Amino acid sequence: MMKSSNLGYPRIGEDREWKKALEAFWAGKLGEEELRQQLQDLRLNHLRKQLAKGIDVIPVNDFSYYDHMLDTAAMFGIVPKRFPYEGGVVPLSVYYGIARGTKDAAASEMTKWFNTNYHYIVPELDGAVPVLTENKPLSAYREAKEKLGIEGKPVIVGPLTFLKLSKGYSQADSDAWLSRLLPLYVQILQELANEGVEWVQIDEPILTQKLSVADVNRLKNIYETFAASVPTLNIMLQTYFESVEQYTEIIGLPVKGIGLDFVHGRSGNLSSIQALGFPENKVLGAGIIDGRGIWKSSLREKLGLLEELAGFVNPERILVQSSCSLLHVPVSVAYETKLSTELKDALAFADEKLDEIVLLTKAACRNLNAIPEEFQENERAYLTFKFSKNRKRDDIQQAVATIADQQLERKLPFSERYAAQQQKWQLPIFPTTTIGSFPQSAEVRKARQLWRKNEWSQEQYDDFIRKQIDIWVQVQEEIGLDVLVHGEFERTDMVEFFGEKLEGFAFTQNGWVQSYGSRCVKPPIIYGDVAFLKEMTVEETKYAQSLTGRPVKGMLTGPITIMNWSFVREDIPREQIAYQLAYALRQEVEALERAGIGMIQVDEPAVREGLPLKEADQAEYLSWAVKAFRMATCTVQDTTQIHTHMCYCEFHDMIHSIEAMDADVISIETSRSHGELIHSFEVNTYTKGIGLGVYDIHSPRIPGVGEMTSMIERALHVLDPKLFWINPDCGLKTRGMKETVESLRNMVEATQIARSNHAATV
Ligand SMILES: CN1c2c(nc(N)[nH]c2=O)NC[C@@H]1CNc1ccc(C(=O)N[C@@H](CCC(=O)N[C@@H](CCC(=O)N[C@@H](CCC(=O)O)C(=O)O)C(=O)O)C(=O)O)cc1
Ligand SMILES: N[C@@H](CCS)C(=O)O
Ligand SMILES: [Zn+2]
C-alpha cells in the first residue's frame with residue numbers, strides 16, 4: 001500500500017500565533033515558561049491537524065523557536081565565542097542572541113535558504129568544539145507519541161548540508177569537521193533507534209548541487225557510517241528544490257529511502273529514474289505535490305505521474321509526499337473570504353496540499369489507472385482557472401514583445417553619465433544615504449489598519465503619512481544625511497504595495513509565510529498579465545522632495561524582486577512575467593522623473609534568490625533578469641541617477657550580471673556577513689558606485705562609530721573611494737525610532753572621520 005507523508009509544516013500558526021508569542025517574549029511581555037507552553041500548544045495543533053487529515057508519516061522536529069539551522073548548531077553547542085555560553089543546553093537568551101544580536105555581540109549572519117525567501121542563521125564553526133547538548137529530534141518524537149499517540153518521523157538537517165552551509169572553517173578542514181560532527185549525529189540516531197523510531201528524515205538539499213569528488217566521498221562516508229552504526233533505523237535521505245546531481249552515487253547509498261522532488265526537479269529526477277532505474281530495496285519519497293507553490297494540482301495529472309513512477313518502483317515502496325517542507329506556503333485557503341471564487345478554487349496552501357496528498361494516496365492505493373470521482377471537482381476548478389479569460393491582456397503582451405526587442409541601454413556609458421550626475425548633485429565624497437524604509441511603528445500600522453477598515457478616510461490616512469514624511473525628512477536633515485528618502489510609510493511591504501497597485505495581482509488576507517525569524521511576508525499572487533494602472537509612488541516622493549533642498553531618492557521595487565517574492569502563475573514563462581513587470585515599472589520610473597525626482601532606487605534584493613540551482617540554467621535566467629532591470633530603468637536622462645539595492649545573499653557568482661544591470665549606484669548588505677561580501681565588488685570586477693552597508697539593521701543593537709569606521713577603512717582597501725557611498729545594510733522598517741536615529745548619527749560621524757582621513761586622496 002502506498003502511504004502519504006509530509007516533509008514539514010508551517011510554524012507560524014493559522015493566525016501567526018508563533019510570531020506573536022516570539023515577539024511578546026522578546027518584548028518582555030511573556031515569560032519563558034509561557035512561551036514554551038504557547039509554542040508547544042501550537043506544535044501539537046499542527047500535529048493533530050496532520051493526523052486528522054490522514055497523513056500516514058508525520059514529521060516532527062520541523063518546528064523551531066527561530067530557525068532550523070540555528071537549532072542544529074545549538075543542538076551541537078556551536079555558539080560563537082562572543083556570546084556568554086559555558087556548555088550544556090543553549091539558553092534561550094543565547095539562542096536568540098545569536099539570531100538577533102545583543103547589546104554586546106553582533107548577530108550571526110543570516111542568508112537565503114537555497115532559492116527561497118526563507119533566511120537561515122549561518123552557523124559559525126570557528127573555535128567551536130561540538131558536543132551533543134540535547135537530542136531535539138528525540139524530544140520531538142517523544143512529545144508527539146506521548147501527547148497524541150503519533151509515531152512521528154523526526155526531521156534533521158543532514159551533516160553534509162549543515163557543513164556546506166556553515167562558515168568559519170577552511171575547505172581543508174572539512175574532513176576534520178565531519179569527524180567531529182558525525183559521532184554526534186550517530187548518537188542522535190542511535191538514541192532514536194533505541195526509542196523505536198521507524199523513520200528519520202535527513203534533509204540533504206545540498207545534493208541538488210554539483211558535488212566535488214571529495215564531497216561525494218564525504219557523503220558516502222556519512223551514510224555508510226550511519227548504516228553501520230544504526231542498521232535498524234530507516235533513513236529517508238530527503239532532497240528538494242531541484243533534481244539531484246550524482247543520481248547514481250545517491251541511489252547507491254546504504255539508506256532505506258530516498259526523497260526526490262518531482263515538481264521543481266521533475267525532468268531531471270524522472271529521466272534519471274527512467275534511464276537508471278531505482279533500487280528494488282529502497283523506498284521512494286515521491287515529492288509530487290508542490291511544497292512551495294500555491295496552485296492546486298491537477299490530481300489527474302499527478303496520478304499519471306505516480307503511475308509512471310510505479311513503472312519503475314513497486315507501489316508498495318512509494319511514499320506520496322510534498323516536494324519540500326510546507327514552510328514556504330501559507331497555512332490555509334479557508335480563511336480567504338475576498339478572493340474571486342475562480343481564483344480561490346485554484347489555490348492550495350499547506351492544509352489543502354495535505355488533502356491533495358491524502359486523496360492521491362487513497363486513489364493510488366485503489367487503482368492507479370482509474371480516475372476517481374473525488375477528482376472531478378479538482379479537475380473542474382483547475383481547468384476553469386487554467387483557461388480563464390480574466391488573465392489575458394493582448395495589448396500588454398504586444399507592447400512587452402516590442403520593447404523586449406529593443407536596445408535597452410542608457411544613452412551615455414557609466415563614467416560619462418556619473419560625471420554629469422556628480423556635476424548636478426555636488427555631493428561630498430562618501431555620500432550618505434539610507435535604503436528606503438524608516439520604522440513601521442505601531443502607530444503607522446494602526447493608522448493603516450484604521451484606514452483599511454474604513455474607520456479613517458483616505459484624507460485622514462494621507463495626512464498621517466505626510467506627517468510621518470515631515471518628521472523623517474527633518475530627522476534626516478538634522479542627522480546630516482546627504483541623500484534622503486521619504487520613508488515608505490505608506491507601504492505594508494515592498495512587494496505587496498506594488499502588487500496592490502498593478503493589474504494582474506490578487507491578495508490574500510492571511511497568506512503569511514515566514515521570511516526570517518518572526519518576520520513574515522504575505523506574497524501577492526500574480527495570476528494574470530501585469531499592467532500599470534496609475535502612478536504608485538509619485539505623490540509621496542514629490543511631497544518629501546518639496547520639504548528639502550537635498551535630493552530625495554524615489555523608491556521602487558524591481559521587476560525580478562516583485563516576481564520572486566510573489567506567488568506566480570505557471571501558464572507563461574517567468575521571463576515574460578518579469579518583462580511585464582519591467583514595462584509597468586518603467587512607466588513609474590518615467591513618472592517620477594517627470595515629477596522632478598532625479599535619483600531613483602530600484603531595489604533588487606531577490607535577484608540572487610531566483611538564480612536556478614543548476615549551473616546550466618543560470619546564465620539564461622541572469623540574462624533575462626538583467627534585461628528586465630534595464631527595461632525598467634534605461635529610458636531616464638543621463639543626469640538621473642539610478643540606484644539599486646541587494647541584501648542577504650551571495651554576490652560572487654553573479655557579479656558580472658550585477659554590473660550589467662548598469663545601475664549607477666548599488667547599495668549592498670555587508671555588515672551582517674562581517675564584510676565578506678565586499679570582495680566581490682573589488683575595483684577590478686565592479687566599476688560603478690557602491691554603497692557599503694556599514695551596520696546590521698536586523699539587530700536592535702546600536703553600532704558604535706569605531707566599528708563602522710573600521711568597516712569603511714577595510715572596504716576602502718579594495719574599493720574606489722570616488723565611487724564609495726555609505727549606508728545601513730538594508731531598510732529600517734523593523735527598527736524603533738530611537739535606535740534608528742542613534743545608529744544613523746553614528747554612521748554620519750563615522751563618515752566624517754573617513755572623509756577627513758581620505759580628503760587628500762580623493
Ligand atoms: C527585505 N525583506 C523582504 C523580503 N520579502 C518581502 N516580501 N519583503 C521584504 O521586505 N525578504 C527579505 C527581507 C526580509 N525582511 C523582512 C523584514 C520585515 C518584514 C516584516 O516586518 N514583516 C511584517 C509584516 C509586514 C506587513 O505587511 N505589515 C502590515 C501589518 C500586518 C499586521 O500584522 N497587521 C496586524 C494588525 C496591525 C498591528 O497591530 O500591527 C494584524 O493583522 O494582526 C502593515 O504594515 O500594514 C511582520 O509583522 O512580520 C518582513 C520581511
Ligand atoms: N527599500 C526597501 C529595501 C529592502 S530590501 C527598504 O528599505 O525596506
Ligand atoms: Zn534590503
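**Two phenylalanines in loops**

Begin by selecting Phe241, which is found in the loop between strand E7 (234-238) and helix H9 (247-251). The model is a predicted one. The phi angle of Phe241 is near 85 degrees, a positive value in a residue other than glycine. Phe241 counts as buried because its relative accessibility is 2%, and the cut-off for that term is under 20%.

Next, select Phe430, in the loop between helix H16 (414-425) and helix H17 (442-452). Phe430 is not a glycine, yet its phi is positive, at about 50 degrees. With a relative accessible area of 1%, Phe430 is buried.

**The zinc ion**

Now select ligand 3, the zinc ion, and display His645, Cys647 and Cys730. The ion is coordinated by NE2 of His645 and by SG of both Cys647 and Cys730, at 2.1 to 2.4 Å. Along the chain, the donors follow the spacing H-x1-C-x82-C. Cys647 lies in the loop between strand E18 (641-646) and helix H24 (655-661), and Cys730 in the loop between strand E21 (724-727) and helix H26 (737-758), so the pair ties together parts that are 83 residues apart in sequence. Cys647 and Cys730 are both buried.

What arrangement do the four donor atoms around the zinc ion (ligand 3) make? The arrangement is tetrahedral because these atoms subtend angles of 103 to 123 degrees. For comparison, the ideal angle for four tetrahedral donors is 109.5 degrees.

**The annotated binding site**

Select the positions that the UniProt annotation "binding site", from an unreviewed entry, covers: Arg16, Glu17, Trp18, Lys19, Lys112, Arg519, Cys520, Trp565 and Glu609. These positions span 594 residues in sequence, and their farthest two C-alpha atoms are 27.5 Å apart, so they do not all gather at one spot.

From this set, centre the view on Arg16, in the loop between strand E1 (3-4) and helix H1 (17-26). Arg16 counts as buried because its relative accessibility is 18%. Residues up to four places away in sequence aside, Arg16 touches Trp512 and Cys520.

Move on to Cys520, which lies in strand E13 (residues 519-521). Cys520 also counts as buried, at 13% relative accessibility. When neighbours within four places in sequence are set aside, the contacts of Cys520 include Ile12, Lys19 and Val513.

**Ligand 1**

Select ligand 1 and show its surroundings. How many residues surround ligand 1? There are 22, and the closest are Lys19, Asn117, Arg448, Asp493 and Lys733.

- Lys733: a polar side-chain atom lies 2.5 Å from an oxygen atom of ligand 1.
- Cys520: a backbone N or O atom lies 2.8 Å from an oxygen atom of ligand 1.
- Arg519: a polar side-chain atom lies 3.0 Å from an oxygen atom of ligand 1.

Finally, select Leu42, in helix H2 (residues 32-53). Is Leu42 buried or exposed? At 8% relative accessibility, Leu42 counts as buried. Beyond its neighbours within four places in sequence, Leu42 is in contact with Arg11, Ile12, Gly13, Glu17, Trp18 and Phe63.

Terms used
Residues are numbered from 1 along each chain as its sequence is written. Chains are lettered from A and ligands numbered from 1 in the order in which they are written. This is a predicted model: local features need pLDDT of at least 70, side-chain atom pairs count only at pLDDT 80 or more; totals for chains, interfaces and linings use all residues. Side-chain values use heavy atoms; hydrogens and water are left out. Donors are N, O and S atoms within 2.8 Å of the metal (3.2 Å for Na, K and Ca); water is not among the atoms, so sites may look incomplete. Four donors count as tetrahedral if all angles lie between 85 and 135 degrees; four count as square planar and six as octahedral if opposite donors are over 155 degrees apart and all others between 65 and 115; anything else is irregular. Helices (H or I, at least four residues) and strands (E, at least two) are DSSP runs, numbered from the N terminus. Buried means under 20% relative accessible area, exposed over 50%, partly exposed in between (1.4 Å probe, protein chains only). UniProt positions are given in the numbering used here, feature names are shortened, and annotations may be inferred rather than shown by experiment. Contact means heavy atoms within 4.5 Å. A residue is near a molecule or strand if one of its heavy atoms lies within 4 Å of it. A polar contact is a pair of N or O atoms within 3.5 Å; within protein, one must be able to donate a hydrogen and the other to accept it, and residues adjacent in sequence count only if both atoms are side-chain atoms.
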